[in-house]
Amino acid sequence: FGEFVEEYYGDGEPCPRVLVDYGEIEGKCVAVVARLGFPAEFSDVARYLHNFLRVVSSLSDEELFNAECVDVILPYFVLGRQDHNPRTDPSRLVRVRDRGKDVGYRSLIKMFKGCGAGRVVTFNPHFHVLEGCVKVLGLDVVSLSGVRVLGEYFRPKLGGDAVVLGRDEKAGRLAKQLAEQLNLRSYYFEKRRISEREVEYRGKFDAKGRDVLIVDDLTTGMGIVEFVERVVNPGNVYFGVIHATLTLEGYGVLKEVLRSGEIRDFDATNTTVSPFSKINVIPELVKFYTGKTSC
């Protein structure tokens with residue numbers, strides 16, 4: 001175990017430092033871990049990413065630490081929200097809305113690959129929801145689900161006849177995995193995106209007095225009210241999310257639905273910073289590195 005720190009020259013130029021002797025790393029495989037809970041302000045995210053990328057580069061550089069291989073452990077895959085190709089996406093809304101933008105996660109993959117990373121290990125990146133390994137631009141990306149720790153957290157809260165709901169087909173895949181873990185049934189809604197901020201859900205779900213666990217890979221907090229209104233006759237309603245990427249407005253919406261009792265509990269993993277990030281992902285990461293997962 002070793003550490004790296006963010007240091008700066010007097011004029012503010014960053015100079016990150018690895019606090020490990022060169023000989024301890026040379027010729028070895030190294031896993032370098034990005035912080036749990038990325039900072040909320042993007043200027044802080046950008047500063048941290050800059051330092052982190054330079055540490056990866058330093059570890060892989062044959063004239064510096066000369067590690068044989070470097071795993072990047074990125075609990076929350078930042079820049080992953082822009083995962084549609086604005087030139088070729090079949091949706092006209094996406095092509096118009098995102099014209100001229102990059103594909104964020106591909107840009108970050110190029111940076112890691114260029115800095116010498118051999119593999120990225122992350123939790124449920126927006127571009128690959130299910131658990132498994134996917135090759136992106138020649139770099140292996142391991143997606144751990146995050147669902148296992150969600151399931152263990154919510155298991156004692158739910159009635160035996162509870163149901164798991166996904167907010168759309170994509171979240172429905174997570175709902176199915178979580179329901180199988182908890183020996184429950186899962187369902188998902190059909191969703192149509194009207195604009196960047198507006199979505200329309202089709203139909204309603206009659207919970208018939210059963211507890212409901214809503215699951216999603218990430219949420220800004222926006223749209224929660226519209227979705228919860230589609231769930232009728234519920235028992236207790238819980239909301240579990242892997243990455244809580246709450247906006248200020250979304251945080252206000254969430255506080256209101258919790259205050260009103262429409263949702264009994266909202267909890268997220270600690271891959272991001274929020275007052276609700278209570279569920280620790282480290283056990284799932286340990287299971288991966290000790291060979292106790294199927295991924």
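1. Basis. The model is predicted, so that local features need pLDDT of at least 70 and side-chain atom pairs count only at pLDDT 80 or more, while totals for chains, interfaces and linings use all residues. Residues are numbered from 1 along each chain as its sequence is written, and side-chain values use heavy atoms, with hydrogens and water left out.

2. Helix H6. Helices (H or I, at least four residues) and strands (E, at least two) are DSSP runs, numbered from the N terminus. Helix H6, residues 169–182, has 14 residues and reaches 20 Å from its first C-alpha to its last, close to the 20 Å expected at 1.5 Å a residue, where the expected span is 1.5 Å times one less than the number of residues.

3. Ala 171, Gly 172, Leu 174, Ala 175, Leu 178, Ala 179 and Leu 182 are the buried residues of H6, with buried meaning under 20% relative accessible area, exposed over 50% and partly exposed in between (1.4 Å probe, protein chains only). Seen down the helix axis, these buried residues fall within an arc of 160°, so they line one face of H6; the arc is that of the directions from the helix axis to the C-beta atoms. The exposed residues Glu 169 and Glu 180 are carried on the face turned away from the buried side. The buried residues pack against helix H5 (147–154) and against strands E8 (163–166), E9 (185–188), E13 (212–219) and E15 (237–244), contact being heavy atoms within 4.5 Å.

4. Val 129. In the loop between strand E5 (119–123) and strand E6 (132–136) lies Val 129, which counts as buried at 3% relative accessibility. Leaving aside neighbours within four places in sequence, Val 129 is in contact with Asn 124, Ser 143, Lys 170, Leu 174 and Asp 217. Leu 174 is also among the buried residues of H6.

5. Second largest pocket. About 650 Å³ of space lies in this pocket, and of the 26 residues that line it, the closest to its centre are Phe 1, Gly 2, Ala 31, Val 32 and Val 33. On a 1 Å grid over the protein atoms alone, a pocket is an open set of points with protein on both sides within 12 Å along at least five of seven lines, a cavity is a set where a 1.4 Å probe fits but cannot get out, and lining residues have an atom within 4 Å of a point. Grid points are joined across faces, edges and corners, and a volume is the space filled by probe spheres set on the points. Strand E3 (29–33) is one of the elements that supply at least two lining residues, and E3 gives the most, with five. By class the lining has 20 nonpolar, two polar and four charged residues.

6. Cavity. A search of the whole structure finds one cavity of 30 Å³ or more, and about 40 Å³ of space lies in the largest cavity. Its lining includes Tyr 76, Asn 124, Leu 218 and His 243.

7. Positive phi angles. Most residues other than glycine have a negative phi. Leu 79 has a positive phi of about 65° and is found in the loop between strand E4 (69–74) and helix H3 (92–97), where Leu 79 is partly exposed at 32%. Phi of Asn 233 is near 55°; Asn 233 lies in the loop between strand E14 (231–232) and E15 and counts as partly exposed at 49% relative accessibility.

Methods: Ala, Val, Leu, Ile, Met, Phe, Trp, Tyr, Cys and Pro count as nonpolar, Asp, Glu, Lys and Arg as charged, and the others, Gly among them, as polar.
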